[in-house]
Each structure stands twice: as structure tokens, then as C-alpha cells.
Amino acid sequence: MDFLTLLQVLDSSLRLATPLLLACLAGLFSERAGIFDIGLEGKMLAAAFLSAAIAATTGSVWLGLLAGVGASLLLSAIHGLASITLRGDQIISGVAINFLAAGLTVVISQDWFGQGGRTPPLLSGGRFEPLSLPGAVPAKEISQAGPFMQLYSELLSGHSLLVYVALLMVPLTWFVLYKTRFGLRLRAVGENPAAVDTAGISVVGLRYAAVGICGVLCGIAGAYMATALQAGFVKDMSAGRGFIALAALIFAKWRPWYALYACLLFGFLQALALRPDVIEGALGFKVNVQLLDVLPYILTVIILAGFVGKAIPPRAGGEPYVKER
């Protein structure tokens, strides 16, 4: 495998890892506050549909992005109401959101556009276009460029805006959680909400804030899938990414930088499934394409089964807080 081919695989890995990373960071905020969120998949799916539908209708990708974030926030509010205010089971609430999104997106899309649960293909202006950084070499000339310029032009340049947003969210998440008063309180709520309440800080308010941040990030992840990674919505296009993001979160042990590495690993496995020729060239024999397709899901099962070391979640995670009188 030559250097340029490796860069192309890594480029695809970064694109495919972006929705996983955003969803993983979304789950990190929520679970650090003690709210388990199995509904990441449903929020991403709802955001993907509404962002594509509004972008196709209005021709504005920015209105589509806002609509996608709004859809995800609405589902986050439902999850917060069920699990924080009504103190219901957080797992059941998340599963219900997944079922709700999977069904409603197809029904509404069919009624709206009549294309079998799809939205019309997004044209220019209705999707996020790749950004060329200053000095980047065009794709048709990149094979003639030197290694450094190939690295800059192929791997660092040419991504949509939301890819760079996702990467910037990693240090921002680290800073918020570990260097701000809000982050300290948020982590404390996930570990010992009674102590936070005793200090006169609203446990309910902090948990709703975390669920809200989770909704925004899931909304961006869903909008990215429909308006940048692809050019429209198709049925079940999230394809289990919400569950893969949860596995990556466990793999990362609820830490932002580890979450980046875990999501890049999953993205790399998905990129390899799109380039079986690379694997065959490296191994010297033909490989089963279907096996490559399921590798990210196999890794998800391995992680969730606990074979990657002990991962200790926030101690108050999944438990509704009842204020002592």
C-alpha cells in the first residue's frame, strides 16, 4: 500500500468517524451527569431526516442543520422528562426514542415526499461542501505532490465544516468537563448527586443541561450524515452508529481524548470495508467483503462484553435522584 492510498483510507476514516465522535461526546456529557442514553441512535436518525427534509425543501443547509438540532433536542427533552422529572427507567426511555424515530422518520418522509421513505437528493446549497484549506493541491494533481503536501491536501483539507467542528469539540469537551466549574459540578452529579444537592446546586438543572448538550451534539451528528456524508436521507441511515458510539464511550472510559481515538478506530474499520482492495493487497489473498462490513459491529459486541478491560461508569449513572426531605 503506497502512501497516498494510506492517506485516502485515513481520510475516509475521519469522515466516517465524525458522526460517531459527535454522538460519543453527546453520550459522554449525558452519562457523566448520571443519565444513561440508549437513544443516541434515535436522535441521530430524527436529526438526519429533518435536516435533509428542510434542506431539500428550503435549499438551505443551515436551516436543515437547525431543524436537525431541534428534532434531537425535542427527543432529548422527552428523555429528560421521562428519566429526570418522572424518574422513569432511563434504558426503557432510550429504547422508546429509538423505536419512535425509526418509525416516524419513514412514515413522515413517505407522506412528505412520496419516495419510499427517502428525501430528494440534496443539491448545492442544501448540503455542506468540502472546504479546501489555503495552499491545498487539487485532487487531480495530488499524485504529483510531495508526501507533506499530500498529507495536507488529502487528510487535513477537503472536509466539510462539521468534520472540523467535531474535532474541535474534543478539546472543548475536555476543557468544559475538567477546567470549568460547570464541568466539575456535572461530573459530581454523576458520582454523588446528594452531595451536589447539599451544596445548594440544582441536580435537576445540571442533568437537564447535560441532556440538552447531548441533544445538540446528536443533532449535529445526524445532520452531518444527511447533509455532508451523504446527500439526503434514507431509511435507517444511522445504521447502528448510535450503539457503536456507546461502545466507543465505554472503550474510552468516559474520557474525551480516548473517545476520539476509539471513534477513529471504528471509522478506520468502516473505511477498510469500503476499500477491500487495500486489505487484499496487504494480505496477498482475497477477503470476504461481508466480513469487513461487520467488523465494527463485532468490535462493538466485544467491547460491550467486557473484553477490553474494566470500565467503571459514573456511580450514580442510571439512577433517578430523589431529594431527601
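Student: How many cavities of 30 Å³ or more does the count come to?

Tutor: This is a predicted model. The count comes to 2 cavities of 30 Å³ or more. Rolling a probe the size of a water molecule over the atoms shows where empty space is left.

Start with the largest cavity. About 50 Å³ of space lies in it. Ser 83 and Ile 84 are part of its lining, along with Val 203, Val 204 and Arg 207. Pro 320 and Tyr 321 complete the list. Two helices each give at least two residues to this lining: helix 3, spanning 61–85, and helix 9, spanning 203–229. Helix 9 has the largest share, with 3 residues. By class, the lining of the largest cavity holds 5 nonpolar residues, 1 polar and 1 charged. Arg counts as charged and Ser as polar, and the lining includes Arg 207 and Ser 83.

Now take the second largest cavity. About 30 Å³ of space lies there. Its lining consists of Leu 14, Ala 17, Thr 18, Leu 21, Leu 167, Leu 260 and Leu 264. Helix 1 (3–32) and helix 11 (256–274) are the elements that supply two or more of these residues. The largest share comes from helix 1, with 4 residues. By class, this lining has 6 nonpolar residues, 1 polar and no charged ones. Leu and Ala count as nonpolar, and Thr 18 is also in the lining.

Notes:
Residues numbered from 1 in each chain as written. Predicted model: local features only at pLDDT ≥ 70, side-chain atom pairs only at ≥ 80, totals over all residues. Heavy atoms only, no water. 1 Å grid on protein atoms, 1.4 Å probe; cavity = no way out; pocket = protein on both sides within 12 Å on 5 of 7 lines; lining within 4 Å. Points joined across faces, edges and corners; volume = space filled by probe spheres on them.
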